[in-house]
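Subject: Structure handover

Hello,

Here is the structure you were expecting. Please open it first; my notes follow below.

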Number of protein chains: 2
Amino acid sequence: MSSAILVLSGPSGAGKSTIIEAASSEIGDYYFSVSTTTRESRDGEVDGVDYYFVTKEEFEEGIKRGDFLEYAKVHDNYYGTSLKPVKEALNNGKLVIFDIDIQGHRLVREAMGDIVVSVFITPPSLKELERRLTSRATDDIEIIKRRIENAKDEIKAIGEYDYVIINDSIDLAKERFVTIAKAARLKWSREELDIFIKEWID
Amino acid sequence: MSSAILVLSGPSGAGKSTIIEAASSEIGDYYFSVSTTTRESRDGEVDGVDYYFVTKEEFEEGIKRGDFLEYAKVHDNYYGTSLKPVKEALNNGKLVIFDIDIQGHRLVREAMGDIVVSVFITPPSLKELERRLTSRATDDIEIIKRRIENAKDEIKAIGEYDYVIINDSIDLAKERFVTIAKAARLKWSREELDIFIKEWID
């Protein structure tokens with residue numbers, strides 16, 4: 001009755017983490033899924049918070065064991081989502097939030113589509129995205145360029161998402177996000193439905 | 001950006017109209033779709049409120065003209081939803097609410113799936129449904145029996161709906177309904193998405 005996965009996607013610079021943070025007191029108990037990666041940690045990144053950092057060998061063993069709900073290889077590094085903490089959180093009635101890309105969304109929907117609600121969060125325009133990425137000035141110009149090219153591709157896939165939120169105002173975007181998260185909590189898994197149907201008729 | 005259809009289904013006795021009425025002040029501007037039928041009006045039914053009552057000939061002309069978003073023939077009578085008032089309401093930014101059966105839901109989803117959010121509303125159990133139908137004592141025993149048989153079939157299809165609401169408490173059911181209706185308003189049509197993508201990249 002409250003097994004829901006909320007998938008968030010959107011370009012870097014869309015404001016996803018800001019929105020989650022602003023909404024966190026209003027969406028009830030949730031688990032923010034931490035990805036596992038084989039890439040090296042950057043300055044300030046904390047193992048278990050930003051990512052679980054593992055070796056390539058560990059990751060590949062995990063793949064063989066079927067540990068991952070979804071994974072992908074990007075620029076010679078693996079990124080993936082472990083199934084175990086997700087299942088635990090779902091069993092505890094928590095809303096599970098994923099911040100993953102379009103490819104990851106497709107895989108999660110394939111694996112657990114009955115309880116997935118997905119949202120694509122985007123800045124109002126490409127120009128605004130450029131402005132935001134340039135003004136935070138934390139990234140190299142090459143990385144910014146790549147992010148912008150990625151965003152142009154990603155935006156074409158927004159039709160695959162249940163909802164699109166334009167982050168033109170953080171207050172409005174947060175409000176929309178809270179509404180969608182509350183609705184997501186009302187999702188039932190196929191398994192829960194089957195039990196309900198059986199008991200209902202009895 | 002606010003073109004949404006909210007489909008409600010569920011057995012007679014589930015409390016659909018009570019929930020809509022209780023929620024009506026909280027879900028913003030909406031249009032409750034009135035079906036068209038060829039069956040005779042019953043005592044107290046008002047043309048244009050409960051149904052649009054038309055002749056068989058008028059209905060069949062409507063079918064030929066493509067007037068109906070969905071229609072079905074049940075026990076020698078036609079029931080259907082005219083497209084025109086629905087389109088008008090959507091163009092005016094209203095949430096369009098349908099109270100239709102499982103078959104109608106399938107047809108509406110087929111025709112306008114991108115903006116449909118669907119909810120199946122049900123009493124907590126078959127026993128409770130029987131109790132409610134019997135206690136209101138407005139219906140013939142034969143009709144009640146048929147409704148109960150229908151409900152047993154319908155409940156098996158709840159997996160086709162985006163959400164299921166158990167009407168065990170009117171306050172809770174109303175609250176869940178309001179949450180879903182607010183989220184539905186955030187739906188975008190495929191057309192709106194296409195325009196947005198085009199403008200976003202420009």
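Two strands count as paired here if DSSP finds at least two bridges between them. Helices (H or I, at least four residues) and strands (E, at least two) are DSSP runs, numbered from the N terminus.

This is a predicted model: local features need pLDDT of at least 70, side-chain atom pairs count only at pLDDT 80 or more, and totals for chains, interfaces and linings use all residues. Residues are numbered from 1 along each chain as its sequence is written, and chains are lettered from A and ligands numbered from 1 in the order in which they are written.

**The sheet in chain B**

Four strands of chain B form an open sheet in the order S4-S3-S6-S5, with mixed pairing. S4 and S5 of chain B are the edge strands, each pairing on one side only. Strand S3 (residues 36–37) of chain B runs antiparallel to strand S6 (residues 77–82) of chain B, joined by 2 bridges. Across that pair, B:Thr37 stands opposite B:Tyr79. B:Thr36 stands opposite B:Gly80.

Strand S5 (residues 68–74) of chain B is also antiparallel to S6(B), with 6 bridges. There B:Val74 stands opposite B:Asn77. The hairpin of S5(B) and S6(B) has 2 residues between the strands, and B:His75 takes a positive phi near 50 degrees.

Helix H3 (residues 83–91) of chain B packs on this sheet and touches S5 and S6 of chain B. Contact means that the C-beta atoms of two residues, placed from the backbone, lie within 7 Å. The direction of H3(B) makes about 25 degrees with that of S6(B). Axes are lines fitted to C-alpha atoms, for helices over the stretch in contact, and angles run from 0 to 180 degrees between N-to-C directions.

**Loops**

One term first. A residue is buried if 20 or more other C-beta atoms lie within 10 Å of its own, exposed if 12 or fewer, and partly exposed in between; the C-beta atoms are placed from the backbone.

B:Gly44 sits in the loop between S3 and strand S4 (52–53) of chain B. B:Gly44 has 6 other C-beta atoms within 10 Å, so it is exposed. From B:Gly44 to B:Tyr71 is 27 residues in sequence and 24 Å in space, C-alpha to C-alpha.

In chain A, A:His75 lies in the loop between strand S5 (68–74) and strand S6 (77–82). Its phi is near 50 degrees, positive although the residue is not glycine. A:His75 is exposed because it has 6 C-beta neighbours inside 10 Å. A:Asp76 is in the loop between S5 and S6 of chain A. The phi of A:Asp76 is near 70 degrees, again a positive value in a residue other than glycine. A:Asp76 has 8 other C-beta atoms within 10 Å, so it is exposed.

**The sheet and helices in chain A**

Chain A has an open sheet of 5 strands, ordered S2-S7-S1-S8-S9, with parallel pairing. Its edge strands are strand S2 (30–32) and strand S9 (163–166) of chain A. Neighbouring strands are turned by 25 degrees against each other on average, direction ignored. S8(A) and S9(A) pair over 4 bridges. A:Ile121 has A:Ile165 in S9(A) as its bridge partner. Helix H4 (residues 102–112) of chain A lies across S1, S7 and S8 of chain A, at about 165 degrees to S1(A).

Helix H1 (residues 16–23) of chain A buries A:Lys16, A:Ile19, A:Ile20 and A:Ala23. Seen down the axis of H1(A), these fall within an arc of 100 degrees, so they line one face of the helix. The arc is that of the directions from the helix axis to the C-beta atoms. A:Ser17 and A:Glu21 are exposed on the other side of H1(A). The cover over the buried residues includes strand S1 (4–9), strand S7 (95–99), strand S8 (116–122) and helix H7 (170–184) of chain A.

**The two chains**

22 residues of chain B are in contact with 22 residues of chain A. Strand S9 (163–166), helix H7 (170–184) and helix H8 (190–201) of chain B each give two or more residues to that side of chain B. 100% of the interface residues of chain B are also interface residues in chain A, so the copies meet through the same surface.

Best regards
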